[in-house]
Amino acid sequence: MKTVYVAMSADIIHQGHLNVLNKAREFGDIIVGLHTDDVIRGYWRNPIMKYEERKEVVSNIKGVVSVVPQDSLDQVENLIKLKPKYVLHGDDWKEGSQKELREKVIATIKGWGGELVEVPYTKGVSISKLDEELAQIGTTPEIRMKSLKELIYSKKPVRILEAHNGLTGLIVEKTRVKIGGKIKEFDGMWISSLCDSTAKGKPDIELVDLTSRLNTINDILEVTTKPIIVDGDTGGQIEHFVYTVKTLERLGVSAIIIEDKIGLKKNSLFGTEVEQTQDTIEHFSDKIRAGREARVTSDFMIISRIESLIAGAGMDDAVNRAKAYIESGTDGIMIHSKEKDGKEIIEFCRRYNEFEIKVPLIVVPTSYNFMTEEELVNLGISVIIHANHLIRSAYPAMVNTAKSILENGRSKEASVNCMPIKEILTLIPGGM
């Protein structure tokens with residue numbers, strides 16, 4: 001039998017895939033070039049099923065004799081190795097972003113007399129629509145919780161954006177941009193104590209209690225599926241912290257980040273302008289261990305936020321604390337700095353990368369926001385948290401709208417800054 005090459009992701013199998021494979025079976029034995037997880041992640045989103053799971057499904061489709069990994073959207077490398085007589089593909093790639101890939105396939109298989117067979121696009125099938133329908137079904141606490149750890153160990157960077165209510169959670173969940181043929185999106189949400197307190201009109205001094213914060217978390221959980229990291233401030237008393245861990249894990253939150261400070265909380269970006277008292281290494285290590293013992297699974301992550309560079313304790317103290325917290329079993333290290341030049345972060349990462357035992361490294365580049373994702377990843381950063389940008393951008397927009405109404409005695413002039421009323425009515429699925 002002659003061989004037929006078909007490239008696909010097969011993350012959501014639908015009739016369009018089967019139409020292509022049924023046609024391919026008429027020409028010979030099918031070899032499927034299955035996109036790897038990294039490829040799918042690059043042009044679409046984190047795959048629902050991992051490569052091995054998708055391979056198992058595709059291998060059992062009639063006519064498929066072999067499944068090989070395809071490490072790029074470009075089929076050429078696999079085609080040169082396999083030299084199939086036929087390549088089958090839907091005819092939807094004749095125009096648009098895949099047109100260049102099509103032309104490369106034609107030029108390559110011409111070298112051994114191969115033939116491209118294009119199957120008419122199956123109307124009524126939309127991967128994006130199927131994806132949206134799956135999102136509306138939702139997720140389970142267990143699936144959501146473990147997804148953060150899976151992301152951290154499978155892609156860099158993991159992009160996290162602040163959310164402080166259900167609407168901002170939806171923004172994090174749904175916002176995507178296409179750059180160079182690849183989809184970029186946020187991987188999860190950060191529930192900041194600063195933003196949660198600010199949204200409630202209260203100071204960021206741990207005044208908003210856990211019950212109130214859980215209301216915010218639940219609002220976001222109800223309308224999203226992506227992993228959530230909670231800002232746990234100092235974590236409170238060890239005896240209280242273990243219950244916080246149990247509660248968040250039960251809800252399906254993926255991680256809590258606690259900072260090694262004690263006393264009345266003052267926001268870290270104040271630095272030494274206000275009193276910042278660090279916890280002892282021994283006591284904070286005990287808190288880490290207590291949190292680990294309280295959780296039911298290792299999927300829930302307890303991440304240690306080091307405040308040495310904020311409190312003026314210096315780089316050596318930050319490095320020593322990182323080693324101690326790793327030894328205590330922390331699942332990640334967040335290094336914090338308020339310096340705008342980024343030099344402290346660069347130096348800490350340099351020294352951290354020399355550790356024999358490391359855990360994922362997390363940063364919040366609010367002050368040194370000139371640094372790109374690529375630069376941070378090259379430093380060894382796994383997770384980048386944009387910690388307060390949605391509330392900071394929303395506040396001035398709302399103030400300007402309020403001022404406009406007062407200044408003009410009507411709302412007409414403010415309308416240019418507002419989305420149409422019909423759009424706000426239909427913004428949330430199920431609104432009509």
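Reader: Is Arg 351 buried, exposed or partly exposed?
Author: Arg 351 is partly exposed, with a relative accessible area of 23%. Buried means under 20% relative accessible area, exposed means over 50%, and partly exposed is in between, using a 1.4 Å probe and protein chains only.

Reader: Where do these values come from?
Author: This is a predicted model; local features need pLDDT of at least 70, side-chain atom pairs count only at pLDDT 80 or more, and totals for chains, interfaces and linings use all residues. Residues are numbered from 1 along each chain as its sequence is written, and side-chain values use heavy atoms, with hydrogens and water left out.

Reader: OK. What does Arg 351 meet in a salt bridge?
Author: The side chain of Asp 316, at 2.8 Å, N to O. A salt bridge here is a side-chain nitrogen of Lys or Arg within 4 Å of a carboxyl oxygen of Asp or Glu. This pair links distant parts of the chain: Arg 351 sits in helix 15 (residues 343–352) and Asp 316 in helix 14 (residues 315–327), 35 residues apart. Helices (H or I, at least four residues) and strands (E, at least two) are DSSP runs, numbered from the N terminus.

Reader: Which residues do salt bridges join into one network?
Author: Glu 259, Lys 261, Arg 305 and Glu 307, through salt bridges that share partners.

Reader: And how many salt bridges does the structure hold?
Author: 29.

Reader: Give me another one. What does Arg 54 pair with?
Author: Asp 37, in a salt bridge of 2.7 Å, N to O. Arg 54 is in helix 3 and Asp 37 is in helix 2 (residues 37–43), 17 residues apart.

Reader: Are those two buried or exposed?
Author: Arg 54 counts as buried because its relative accessibility is 0%. Asp 37 counts as buried too, at 15%.

Reader: Which other residues of helix 3 are buried?
Author: Tyr 51 and Val 58, along with Arg 54. Seen down the axis of helix 3, its buried residues fall within an arc of 65 degrees, so they line one face of the helix. The arc is that of the directions from the helix axis to the C-beta atoms. The face turned away carries the exposed residues Glu 52 and Glu 56.

Reader: What does the buried side of helix 3 pack against?
Author: Strand 2, helix 2 and strand 3. Contact means heavy atoms within 4.5 Å.

Reader: How many bridges join strand 1 to strand 4?
Author: 3 bridges, between residues 3–8 of strand 1 and residues 86–90 of strand 4. Tyr 5 stands opposite Val 87 in strand 4.

Reader: What does Arg 102 form a salt bridge with?
Author: Glu 118, with the closest N and O atoms 2.5 Å apart.

Reader: Last one. What does strand 7 pair with?
Author: Strand 7 (residues 176–179) pairs with strand 8 in the antiparallel sense, over 4 bridges. Lys 178 stands opposite Ile 183 in strand 8. Their hairpin has 2 residues between the strands, and Gly 180 takes a positive phi near 60 degrees.

Reader: Which side chains of strand 8 are buried?
Author: Ile 183 and Glu 185, which point to one face.

Terms used:
Pairing = 2+ DSSP bridges.
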